[in-house]
Amino acid sequence: MAASSIGYQIHINVNSPILLPLRTNFSSLSFTFSNAKYPLKWNHIGCPKICALPAVSIMASGSSREILPPALDSSSEPPAIFDGTPKLYISYSCPYAQRTWIARNCKGLQEEIKLVPIDLKNRPDWYKEKVYPANKVPSLEHNNEVKGESMDLIRYIDSNFKGPSLFPDDHSKREFAEELFSYFDSFYKAVISSLKEDKINDAIAAFDSIETALSKFVDGSFFLGSFSLVDIAYVPFIERFQPFLLEVKNYDITTGRTKLAAWIKEMNQIEGYTVTKRDPKEHLENYKRRFLSQL
Ligand SMILES: N[C@@H](CCC(=O)N[C@@H](CS)C(=O)NCC(=O)O)C(=O)O
């Protein structure tokens, strides 16, 4: 069951005002100030179409009031598949699925896209047979089709559903976004190789690249300045790497990396993301099981 009112989060990251179109009806607003030099006045919110706000990003939220359904397992009946309701099949612990869940939340689609969590350890047969033959999460049922692959899905959700755009129009930002999407696999492999083996150098180089990437645009703390699909693509993995590297390798990814530290702080202000987070201890235990047994 989703909350009936969807709020908007406005993230304030720049010191100069920009014109921000407010296109959608909303029932609540929440504000996050990071380095705004002046306070936001209520009459900024009251204007019907265009508001001058010192803001670089706007996203829908409201998911804090969403009651998360229990994961379906081999004993569970399937949902009403292909009944016209878009459905996002996820696992609560899967970082790839988390990307799509964050995108759905940040678009304010808690009521439009139904969350269907699956217990991957005890998967229902109907998931492979009737929903997604690849038998992985995430997958999205929409318009009588089921699509997979988290990177494709976050773009698909952004382009094919209502809600604030999570991808900038600016050409140089789009180009850089593509670079960062392509870099993800190398980033992931570099960090994982450091986790698997008794070495840290690959992870250090990978996080240095992230720090450099976060320094490119100065109009906000996110990869493209304002919050975007790029942040969504990376955050579930950094959420997992950070506690493991700290506890097991005694390596703090934020030491000497001010941009990364600021990014993590900003990400933790985004409700569409924070409601998808797991306990760092849980990540730690999973990663210990996965990687330490191989050492
Ligand atoms: N490339 C896929 C990876 C998805 C993936 O590997 N999901 C895992 C869970 S985190 C899964 O469903 N594993 C089940 C399996 O491989 O059987 C994506 O980006 O969506």
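Asn 250 lies in the loop between α7 and α8 (258-267); helices here are DSSP runs of H or I with at least four residues, strands are runs of E with at least two, and both are numbered from the N terminus. Asn 250 has a positive phi of about 55 degrees although it is not a glycine. It counts as exposed because 8 other C-beta atoms lie within 10 Å. The cut-offs for this term are 20 or more other C-beta atoms within 10 Å of a residue's own for buried, 12 or fewer for exposed, and partly exposed in between, with C-beta atoms placed from the backbone.

The model is a predicted one, in which local features need pLDDT of at least 70, side-chain atom pairs count only at pLDDT 80 or more, and totals for chains, interfaces and linings use all residues. Residues are numbered from 1 along each chain as its sequence is written.

Asn 144 is found in the loop between β8 and β9 (145-148). Its phi is near 65 degrees, a positive value in a residue other than glycine. Asn 144 is exposed because it has 8 C-beta neighbours inside 10 Å.

The chain as a whole holds 10 helices and 9 strands. Of its 295 residues, 37% count as buried. Among contacts between residues at least 6 apart in sequence, 72% join residues at least 24 apart; two residues are in contact if their C-beta atoms, placed from the backbone, lie within 7 Å.

Phe 223 belongs to the loop between α6 (201-214) and α7. This phenylalanine is buried because 25 other C-beta atoms lie within 10 Å. Leaving aside neighbours within four places in sequence, Phe 223 is in contact with Leu 180, Ala 213, Leu 214, Ser 228, Val 230 and Asp 231. Lys 173 is 50 residues away from Phe 223 along the chain, and their C-alpha atoms are separated by 9.1 Å.

The interior comes next. In soluble globular proteins, nonpolar side chains tend to be buried together. The largest nonpolar core has 52 residues, and Leu 88, Tyr 89, Ala 103 and Ile 232 are those with the most contacts inside it. Such a core is a set of buried Ala, Val, Leu, Ile, Met, Phe, Trp, Tyr and Cys residues joined through C-beta atoms within 7 Å. Helix α7 (residues 229-248) supplies the largest share of this core, 9 residues. At least three residues come from each of domain 2 (68-160) and domain 3 (171-294), with bounds taken from an automatic or database domain assignment.

Strand β6 (residues 87-90) points Lys 87 and Tyr 89 one way and Leu 88 and Ile 90 the other way, and all are buried. β6 pairs with strand β7 (residues 114-117) in the parallel sense over 4 bridges; pairing requires that DSSP finds at least two bridges between the strands. Ile 90 stands opposite Pro 117 in β7. Not counting residues up to four places away in sequence, Tyr 89 touches Val 116, Ile 118, Tyr 127, Val 131, Tyr 132, Val 137, Pro 138 and Ser 139.

Pro 138 sits in the loop between α3 (125-131) and β8 (139-142). The peptide bond from Val 137 to Pro 138 is cis, with omega near 5 degrees. Both Val 137 and Pro 138 are among the residues around the ligand, which also include Ser 91, Cys 94 and Glu 149; a residue counts as near if its C-beta atom, placed from the backbone, lies within 6 Å of the molecule. The shell divides into 6 nonpolar, 4 polar and 2 charged residues. Here Ala, Val, Leu, Ile, Met, Phe, Trp, Tyr, Cys and Pro count as nonpolar, Asp, Glu, Lys and Arg as charged, and the others, Gly among them, as polar.
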